[in-house]
Amino acid sequence: PAMSPTSSPFTPGRVLVWGRPGDSAADAVTVLDTLSEGVKQVFASHRAFVALKVDGTAIAWGDAEWGGNASTVLSQLANIEGVYATDGAFAAVSATGETTVWGGTMYGGKDLSQDALNFLSSNVSTIATTSQSFAALTTEGKVGCWGAGLAGNASTVSSVLDSDVIKIVPSRRAFAAIKSTGEAVVWGDPDHGGNHITVAAQLQSNIQDIVASKDTDGSAFAAIRENGSVFTWGHHNYGGDSSAVIDALSSGVRCIRATRSAFAAILMSTGGVVAWGRNNDGADISSVQDILSENVTEITSNERAFAALKSDGSVVTWGKKQWGGDSNSVNHLLTSGVSRVDSNAGTFAAWKAGEGIVAWGKNNEGSDAATVSADLTADVATLIPCVKGWVAIKTSGRVVAWGSGTHSDTMNTISAQLQSGVQSIACTYRAGEPSEGVDEAIAAISLTAVSPTSQPLMLPTTYIPTFSPSTSRPFTLSPGTPSPVSNAPVTLGPSTVPTETPTGSPSMLPTIGPTSCPTSAKPSTSSPITRSPSAVPSRCPTMSPV
């Protein structure tokens, strides 16, 4: 039997923080006492954290303009079940579906209209986010939006978002909603997939899944229909134009992955791969086309490269060389025995029998695990990618980290408390979003033993991201079985819509829910939870957590 907290030598749910000195999210001094126990999950924007406690309260810290100060809504943060984030704002959903929002104005955290506040007063099931906007889905299958930019205003499509929506997929600055009827509804910035005029007829029925590319300058969507055919729209430089491979996408596509500006699809019949979009970011497969013609079971993507896992346990890579598209340095280790491949923004990490973790990609961002290789050969339970590095949690709860973004100098000051009992890791980097401008801070939930008289140690440093292999993982919003509602939807954005953030601004937080491709990656231990099971079957079943 588990010991009660009062009799145990451990402090359940204690948070430890480290990272780059000077980064706001790495400094939890102002909330240190409230993080000493009882934390069950940690969520992140680009420059702030939110800790969700077992009693349903939520604690924020970090840059106030990026969601790090929740003092104005603190009394409303009770009975919280899930937290969602844009680049710089948070939305917390309670057990009754009441939603509380805070953070930067440019990221949807302030200046909500009264209509928005009314919509968020109850029955919100889950939330999808772009860089600056939120889209909330109710248990009735109704969608309401708010935030900056065009994605925060769905007034042009509000009449078709009033019921039956079962899933919402975000690009960088647009949304695509899938209805139980098979219809898809699109809105947002035209350069990010918000203009669907060329495919309007195709969006009317039989849509099963949608995947998005996400770059700061443009995005695109790719929709899979029930017969396995694929059509695309959005910025032509970011995968919106698939005309070069239209015949290959006419049927039988099993699943799709995306980098920032390219897509790769697995064909059902052969396990072959079809790619399109920007050549340098993974659309050009000419150098590996023969190897990719059959038996591919999974594809993992980072910002600018792909890695395909084949049925024989071998791995094939392509895309931008520096980002891991060139795996020559470790090819001899990737010919067999690989069970899965994970990715962060610029590197890949393969799980290989007998070798442990094999990494490659951008220098200093987690491609070289030589300094910790002895610790990675066995007993790795979870691997968490951060924007410029990796953190592994071993079965004992010990933390092993490498890459410049894990900041070993500040981590070393609390290393004794990371030797056992760590349950989960969160990082301010949001998977699948452009990584420019992101803080480097890591928050660990630990059962580390402490003296009854000592104060838990929290150091102002940096943070780590929690993230899964795909860079284009759609949100599964599953409200259960939607029922029609009589009231027409309202536009939830503020009356004056702020302009978009400049190109190169930081992105956001963890992705929520299954992708259209199968993945063997363990689910994030810090990902937001939904209050109802998925109503959307995936073409490729997600593997059970280990």
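Predicted model: local features only at pLDDT ≥ 70, side-chain atom pairs only at ≥ 80, totals over all residues.
The lining of the second largest pocket has nine polar, seven nonpolar and four charged residues. Of the 20 residues that line the pocket, Thr 72, Val 73, Val 101, Trp 102 and Gly 109 are the closest to its centre.

**Pocket lining**
- Strand S7 (residues 99–103) gives the largest share of the lining of the second largest pocket, with five residues.
- Which residues lie closest to the centre of this pocket? Val 101 and Trp 102 are among them, as are Thr 72, Val 73 and Gly 109.

**Overall fold**
- The secondary structure comes to 30 strands and two helices.
- The protein has 546 residues, and 63% of them count as buried.
- Take the contacts between residues at least 6 apart in sequence: 60% of these join residues at least 24 apart.
- The accessible surface comes to about 18,900 Å². Carbon and sulfur atoms account for 50% of that surface.

**Aromatic pairs**
- The whole structure contains 11 aromatic pairs.
- One of them joins Trp 390 and Trp 402, and this pair is stacked. The rings lie 6.5 Å apart centre to centre, with 20° between the planes.
- This pair links distant parts of the chain, 12 residues apart. Trp 390 sits in strand S27 (residues 389–394), and Trp 402 in strand S28 (residues 399–402).
- Are Trp 390 and Trp 402 buried or exposed? Both Trp 390 and Trp 402 are buried.
- Elsewhere, Phe 221, Phe 231 and Trp 233 make up one aromatic cluster.

Conventions: Residues numbered from 1 in each chain as written. Heavy atoms only, no water. 1 Å grid on protein atoms, 1.4 Å probe; cavity = no way out; pocket = protein on both sides within 12 Å on 5 of 7 lines; lining within 4 Å. Helix = DSSP H or I, 4+ residues; strand = E, 2+ residues; numbered from the N terminus. Nonpolar A, V, L, I, M, F, W, Y, C, P; charged D, E, K, R; others polar. Buried < 20%, exposed > 50% of the residue type's maximum accessible area, 1.4 Å probe, protein only. Contact = heavy atoms within 4.5 Å. Areas by Shrake-Rupley, 256 points an atom, 1.4 Å probe, with all protein chains shown as cover. Phe/Tyr/Trp six-rings, centres within 6.5 Å; stacked < 30°, edge-to-face > 60°.
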